[in-house]
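Biologist: Please take one part of this model and look at its packing closely. Then set it in the context of the rest of the chain.

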Amino acid sequence: MVLEEFFGRTGAKARAFFRVLGEMFALLGLSVYWSMSVVAGRARIRRSDLFVQMVRVGVDALPIVVLCNVFVGMILAVSTAELLDSLGVLSWTAQVVGVATTRELSPLMTAIIMSGFVGAAMAAEIGAMTASEEVLALETSALNPIRFLVVPRLWAVMAMLPCLTVIADVAGMFGGYLIGTLFFGIGPVRYITLNNSSLYLKDIIAGLIKAEAFAVIITIVACQQGLAVRGGAVGVGRATTNSVVYSIFLLIFSNLFFATLFNYVMM
Amino acid sequence: MREPSYKGPAIVTEGLVKSFGADNVLDGVNLVVERGEVLVVIGISGCGKSTLLRSIIGAYTLDDGTIRLLGRDVSSASEEEWLPLRKRMGVLFQQGALYTSMTVGENVALPMREHTELAEPVIEIMVRMKLDLVGLGGTEGLMPAQLSGGMQKRVALARALALDPEIMFYDEPTTGLDPIMAGAVNRLIIDFNRKLSVTSLVITQDMNCCYAVASRVVMLHEGKIHFSGSVDALRSTDDPVVRQFVEGRPDGPVRHRAAAAG
């Protein structure tokens, strides 16, 4: 009885999740279609919309992204330096931080910050528009909501997230540098030299490829949740929460996929 | 763009069925809206008036039945088939549904900017004209949040008229407005109909609005058209359901769902 109920509920939740996932893929397909139409000149988006979104996504998020990634770099340095010192290779801290930030942590951390900073706001904004019939009003004025709302946001996040990721790379390494030089006494020049020797262009590029995929996940999840809002303020709240939960889950899951891909397939 | 060749009714629905779950909100609605008339649909709240309007403007997929707008079957129309029709119709939503991130002027200008090749100075003049039409000239620079509910609704009306539609849909145009503002909106609906010969479908539960604007009245009850006739016929009918609604009596054959359940 208990088991039946447990699996019944789990099954229902899983089914709901896959239904939402299906809707996200449908929205992704339509967004790609409309993006192509815009690129081909068959449809247009308002340039001002794109710039407004780029400022919101990129410039406004910069301080929080930098700050968080500096801390991540510091955490990495603090938690590895001790161990590396006991092995007699304290200065490898620079390499560990450099590799870990560029390859994994700064793309993922930046995307997770953005799913809270931008994704939630986007889900709430589009959700409120859906609830107040603004989206329906767009449709009835022959303005496709996907072209009008989703495409500019998708492009803005896809343009800005890689930029933020590169800045986050630097911020993370700077965090490691602060800890390595100030607390563990590694010489500044030595730290920077070792740090640079650990950087590979392919790691950075892999990070940027991931950033593009993450940008798609954050935007599509947020827009799907926003457009699916039913029932006023409660619906908007639920969409906002779900947007963050779904996108963090999908970000981490897809990061696993990319880690496997880059480590075993593309080596 | 216009097709003067088509002279038939503006809107025809046949056997419209739409259900939510087990609830048949529309249960075979046959409705004809002739060119140039103002058809008012009345009915108790929850009777499916809004569902009917949303079905006709293509917001819902139907469970059964057909809808023809300006002679074209839209029951299973694709987005591309909808586009030319949507440019020929305007919708006034209950809450106005202005784009909150844009100014009043941008709201009214948007359909023109997107769907016409008019030059920017021409669009500005057009926006001014549309806003003057609803008595709100000079408010172009304000944001929707700075306007009262009645003003928002009139701006929404100006926006709905931006492309000179042939059919206008009004969802509860007077709900939430003070009597004077409601009167002003009623007069606008009549003006658009008479001066611009706009065919209008009005959904309302406000009998004053109904009497003021209707050239014909239809009552929706239990998912079907219960009554259809002129305002005079509405006043003189002795159908108990219509009488109860028109006179606003709490007791009678019509029971609200909440009341019936409780």
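Modeller: Helix 4 of chain A packs against helix 8 (residues 201-227) of chain A at an angle of about 20 degrees, and their axes are 8 Å apart. Axes here are lines fitted to C-alpha atoms, for helices over the stretch in contact, with angles from 0 to 180 degrees between N-to-C directions. Helix 4 and helix 8 of chain A are therefore roughly parallel (under 35 degrees; over 145 is roughly antiparallel, 65 to 115 roughly perpendicular, the rest oblique). Nonpolar covers Ala, Val, Leu, Ile, Met, Phe, Trp, Tyr, Cys and Pro; charged covers Asp, Glu, Lys and Arg; the others, Gly among them, are polar.

This is a predicted model, where local features need pLDDT of at least 70 and side-chain atom pairs pLDDT 80 or more, while totals for chains, interfaces and linings use all residues. Residues are numbered from 1 along each chain as written, chains are lettered from A and ligands numbered from 1 in written order, and side-chain values use heavy atoms, without hydrogens and water.

Helix 4 of chain A spans residues 92-131, 40 residues in all. From first C-alpha to last it reaches 54 Å, close to the expected 58 Å (1.5 Å times one less than the number of residues). Helix 4 of chain A has a kink of about 60 degrees, centred on A:Thr101 (the angle between axes fitted to the seven residues ending there and the seven starting there). Just after helix 4 of chain A, A:Glu133 takes a positive phi of about 70 degrees.

Now the wider chain. Chain A has nine helices and zero strands (DSSP runs numbered from the N terminus: H or I of at least four residues, E of at least two). Its C-alpha atoms fill a box of roughly 70 × 60 × 35 Å along the principal axes.

The axes of helix 2 (residues 47-59) and helix 6 (residues 145-182) of chain A come within 8 Å and cross at roughly 40 degrees. That makes helix 2 of chain A oblique to helix 6 of chain A. The crossing is right-handed. Contacts (heavy atoms within 4.5 Å) include A:Leu50, A:Met54 and A:Val57 of helix 2 and A:Phe148, A:Trp155 and A:Met160 of helix 6. By class, this contact has eleven nonpolar, two polar and two charged residues.

Helix 6 and helix 7 (residues 188-197) of chain A have axes that come within 10 Å and cross at roughly 140 degrees. This crossing is right-handed too. Among the contact residues are A:Met173 and A:Tyr177 of helix 6, and A:Tyr191 and A:Ile192 of helix 7.

Note on methods
A crossing is left-handed if the near helix is turned anticlockwise from the far one by less than a right angle, and right-handed if clockwise.
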